[in-house]
Amino acid sequence: MKTNALVSDVGSRLNYTVTSSTMASVHIRADECNRFFLVASRLLSPEEREELAFRSMPATTARHYYGKYVAIHNGAVAVSGDSDTGVAREFVRTFGDAPVYIGYVGRERAAYQVRPRQ
Amino acid sequence: MPAYLNAPWRPGVALAPIARIHVKKNGGDEAVMALLDSGADYTQIPTATVTNLGLKKKGDRLVDRKDGLPPTSVPTYVTDIILEGVTFRDVLVSGTDDFGFDGTPWALVGRDILNEGVILDGPRKWFTVTDPSSASVAPVPPSARPPQAY
């Protein structure tokens, strides 16, 4: 849970950082931020490290893949495409069951799902 | 061809495309009841199935459940889904307990699978499943209607 909380914290700050393009607004100086990521990455599983890489994607990379689904593997974009199902299949074909994080770059439109039944 | 079954949440009233699917990964096999839901963009499986098969999270997707609440992020997993003996490989499914009956979470088979090899025949109350990798699957003729703007 501690790790999850840390990842969530890092993720939310990074999301904000990416959209605002300023570190000052989230009150983390750049040097502290690097140290924070280093410590955080040691606590994370391989899958969580890929998620952290996704959430801390450099702005230039984010601009390049804006509006696409990407599969992050070894900290970099391994596969990209218009559907996450397609990206997942291509990733599995190439890399098997290797650690990956598949996410949407930009403002994702919500998928429709059934109304919860209690 | 599998027949529609009584929907347990409306017994005797509503027939629905319901099936017991198998979720396979890592040498494990979990059977779970599922509704074939053409209104669902994606397939989802219960979280207990995720745990029992030891599935590793592969990402997140944003889901709008149309219940007035804001969209929420749900984890995704890659797994094989077997429906009526036909295997749909490496499907990126959502892991959530949002749908079920009588306290037991069910799976939803969404259009990511339905569009690959399932025909829902409402008037005859049955559905057919064809292997998406089979060369014998006839191509679906394009609709005569022009694309609609929404």
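Two strands pair if DSSP finds at least two bridges between them; helices (H or I, at least four residues) and strands (E, at least two) are DSSP runs, numbered from the N terminus. This is a predicted model, in which local features need pLDDT of at least 70 and side-chain atom pairs count only at pLDDT 80 or more, while totals for chains, interfaces and linings use all residues. Residues are numbered from 1 along each chain as its sequence is written, with chains lettered from A and ligands numbered from 1 in the order in which they are written.

In chain A, strand β1 (residues 69-73) runs antiparallel to β3(A), and four bridges join them. Across this pairing, A:V70 faces A:G103. Strand β3 (residues 101-104) of chain A is covered on both faces: A:Y101 and A:G103 on one side, and A:I102 and A:Y104 on the other, are all buried. Buried means 20 or more other C-beta atoms within 10 Å of a residue's own, exposed means 12 or fewer, and partly exposed lies in between, with C-beta atoms placed from the backbone.

Now look at helix α5(A), where A:D84, A:T85, A:V87, A:A88 and A:F91 are buried. They cover an arc of only 160° around the axis (taken from the directions from the helix axis to the C-beta atoms), so they sit on the same side of α5(A). On the other side, A:R93 and A:T94 are exposed. After α5(A) comes A:G96, with a positive phi near 65°.

Over in chain B, B:A34 is in contact (C-beta atoms, placed from the backbone, within 7 Å) with residues including B:I21, B:W106 and B:V109, leaving aside neighbours within four places in sequence.

Conventions: Contact = placed C-beta atoms within 7 Å.
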